[in-house]
Amino acid sequence: MITSTSNGQVKQAAALAKRAKERRQTGLFVVEGRKMYEEAPEDWVEKVYVTEHYIEEYGKPKGSCPWDTVTEDVMRAMADTQTPQGILALVRQPRWKMEDVWRGEKPHMIFLETLQDPGNLGTILRAGEGAGLTGVVMNRETADIFNPKVIRSTMGSIYRVPFVYVDDLEPAAREAKSRGIRLFAAHLRGERSYDREDYRDGCGFLIGNEARGLSDEAADLADCWVKIPMLGRVESLNAAVAASVLMYEAARQRRNG
């Protein structure tokens, strides 16, 4: 059992939870909680840490991956949450390629420009999986998808929805368009309501920064600007909500043929 918060493994886990640089250098990220651990592909899991109380309640960790028991104090030192659930795993980061993002005959993609809120990013992955999203393309200025807050918000979708970071969205958008994927920008100056467009073939949605929206350069990559009509005095929606509205409209159209 690991009993000291000065243990090297404890320090590594804590660093992975707190610092993006550590995650980039090691290629690992931290997963907390029983659900997120049990949904992780077994060959992604590097090491598992559990408390004795967790073992008493749920049994030993599954599979053949190495694991150690830790005290409650040590678990709190390793975890990002204030009330850890008694299990924490170090997981290898997936290496998706662009071909994974626009897979299939009718890709359903989302392009994110400089999203900063971890909760928004995680929610977009989670909602995207439910809407049949084939993948996510993000610029480097978008929040770190392996941030523990993002991981928790995905509720497991981090394991199943392909995503890539790119230095510049433009080449990726141009390549998507060359593959017959039509791009739509969620924009306050959109001339057509989002539900008046056809998303049944390959499509991609461009979503911008929470405060500034899409840059002019990113918006100009779209084939069409669409708006989400607002009632009352609301001017715009949260980035994750707007993305979800668009993705689920595409999913609805595709279900109905």
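Surface patches here are built from residues with over 30% relative accessible area and no salt bridge, joining like charges within 9 Å and nonpolar side chains (Val, Leu, Ile, Met, Phe, Trp, Tyr) within 5 Å. The model is a predicted one: local features need pLDDT of at least 70, side-chain atom pairs count only at pLDDT 80 or more, and totals for chains, interfaces and linings use all residues. Numbering runs from 1 along each chain as its sequence is written, and side-chain values use heavy atoms, with hydrogens and water left out.

**View A. Val-234, Leu-237 and Val-241 make a nonpolar surface patch.** The patch covers about 210 Å², with accessible areas taken from the Shrake-Rupley method with a 1.4 Å probe, where only the protein chains shown count as cover for residues. Look for Val-234 in the loop between strand E11 (224–227) and helix H11 (239–255); helices (H or I, at least four residues) and strands (E, at least two) are DSSP runs, numbered from the N terminus. Val-234 is partly exposed at 46% relative accessibility, on a scale where buried means under 20%, exposed over 50%, and partly exposed in between.

**View B. Lys-18, Arg-19, Lys-21 and Arg-24 gather in a positive patch on the surface.** Lys and Arg count as positive and Asp and Glu as negative, leaving out His and the chain ends. Each charge is placed at NZ of Lys, CZ of Arg, CG of Asp or CD of Glu. Arg-24 sits in helix H2 (residues 20–26) and is exposed, with a relative accessible area of 60%.

**View C. Arg-92 and Glu-46 meet through their side chains in a salt bridge.** The N to O distance is 2.9 Å; a salt bridge needs a side-chain nitrogen of Lys or Arg within 4 Å of a carboxyl oxygen of Asp or Glu. Arg-92 belongs to strand E4 (residues 87–92) and Glu-46 to strand E2 (residues 45–50), so the pair ties together parts 46 residues apart in sequence. Arg-92 is partly exposed at 37%, and so is Glu-46 at 33%. The model's salt-bridge count comes to 17.

**View D. Lys-35, Glu-39, Glu-129 and Arg-160 form a network of salt bridges.** Within it, the Glu-129 and Arg-160 side chains meet at 2.6 Å, N to O. Glu-129 is in helix H7 (residues 118–130) and Arg-160 in the loop between helix H8 (148–154) and strand E7 (163–166), so this pair ties together parts 31 residues apart in sequence.

**View E. Cys-224 is in no disulfide.** A disulfide takes two cysteine sulfur atoms within 2.5 Å, and the nearest cysteine sulfur, on Cys-203, is 12 Å away. Cys-224 is buried at 11% relative accessible area.

Definitions and conventions. Buried < 20%, exposed > 50% of the residue type's maximum accessible area, 1.4 Å probe, protein only.
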